[in-house]
Amino acid sequence: MSKLKIYLASPFFNEYELSCVKRAEEILFSRGFSVFSPRLNEVRGEVSSQQAWSKETFHNDRRFIDWADVVVMLYHGGYSDSGTAWEAGYACGIHKPVIVVHVGKDPENGSNLMVHEGCHTNITLEELADYDFEMMPAKPYKGKMF
């Protein structure tokens, strides 16, 4: 079997989000997967303007979603992050499996049905360490939803 290519979709705007994405990166890299994480591949220093950064980031991230075999989305519940939701929606639209990793600190925020229904499975960050990416078992979301 060739090395699985994973796109890691996640917000990283505060310390908690950063800690979650760093942990997911550690897990996925330690398992030997080829991982593209936008956090590790920012293009800010490579462009001359905010507009150029915006366009280059969008095209680069989309290119790597196309490249990936699967998208792993870190989901903080509720409305979370619009960019991460777009990445998962795009992946779903081009028929890539999306693994939603629920990492929200407040389970009362619940899950938006478009996130958990549009994905292949719903797991926790702890489950990511042992998730079988070869068999890709599906697991429905069972928490509060809206």
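**Exercise 1.** Which strands does helix α1 (residues 15-30) lie across, and at about what angle does α1 run to β1?

Solution. The model is a predicted one. Helix α1 lies across β1, β2 and β3. Its direction makes an angle of about 175 degrees with β1.

**Exercise 2.** Find the order of the strands in the open sheet and state which strands stand at the edges.

Solution. Step one: the five strands follow the order β2-β1-β3-β4-β5, and their pairing is parallel. Step two: β2 (34-36) and β5 (121-124) each have a single partner strand, so these two stand at the edges, with one side left without a neighbour in the sheet. Step three: on average, neighbouring strands are turned by 25 degrees against each other, direction ignored.

**Exercise 3.** State how many bridges join β1 to β3, and name the partner of Y7.

Solution. Strand β1 (residues 5-9) runs parallel to β3 (residues 70-75), and four bridges join them. Y7 has V71 of β3 as its bridge partner.

**Exercise 4.** Describe how helices α2 and α3 cross, and list the residues in contact.

Solution. Step one: the axes of α2 (residues 50-67) and α3 come within 10 Å and cross at roughly 40 degrees. Step two: α2 and α3 are therefore oblique to each other. Step three: their crossing is right-handed. Step four: α2 contributes F58, D61, R62, I65 and D66 to the contact, while α3 contributes W86, E87, Y90 and A91. Step five: by class, five of these residues are nonpolar, none polar and four charged.

Definitions and conventions:
Residues numbered from 1 in each chain as written. Predicted model: local features only at pLDDT ≥ 70, side-chain atom pairs only at ≥ 80, totals over all residues. Heavy atoms only, no water. Pairing = 2+ DSSP bridges. Axes fitted to C-alpha atoms, helices over the stretch in contact; angles between N-to-C directions. Contact = heavy atoms within 4.5 Å. Parallel < 35°, antiparallel > 145°, perpendicular 65-115°, else oblique. Left-handed = near helix turned anticlockwise from the far one by under 90°. Nonpolar A, V, L, I, M, F, W, Y, C, P; charged D, E, K, R; others polar.
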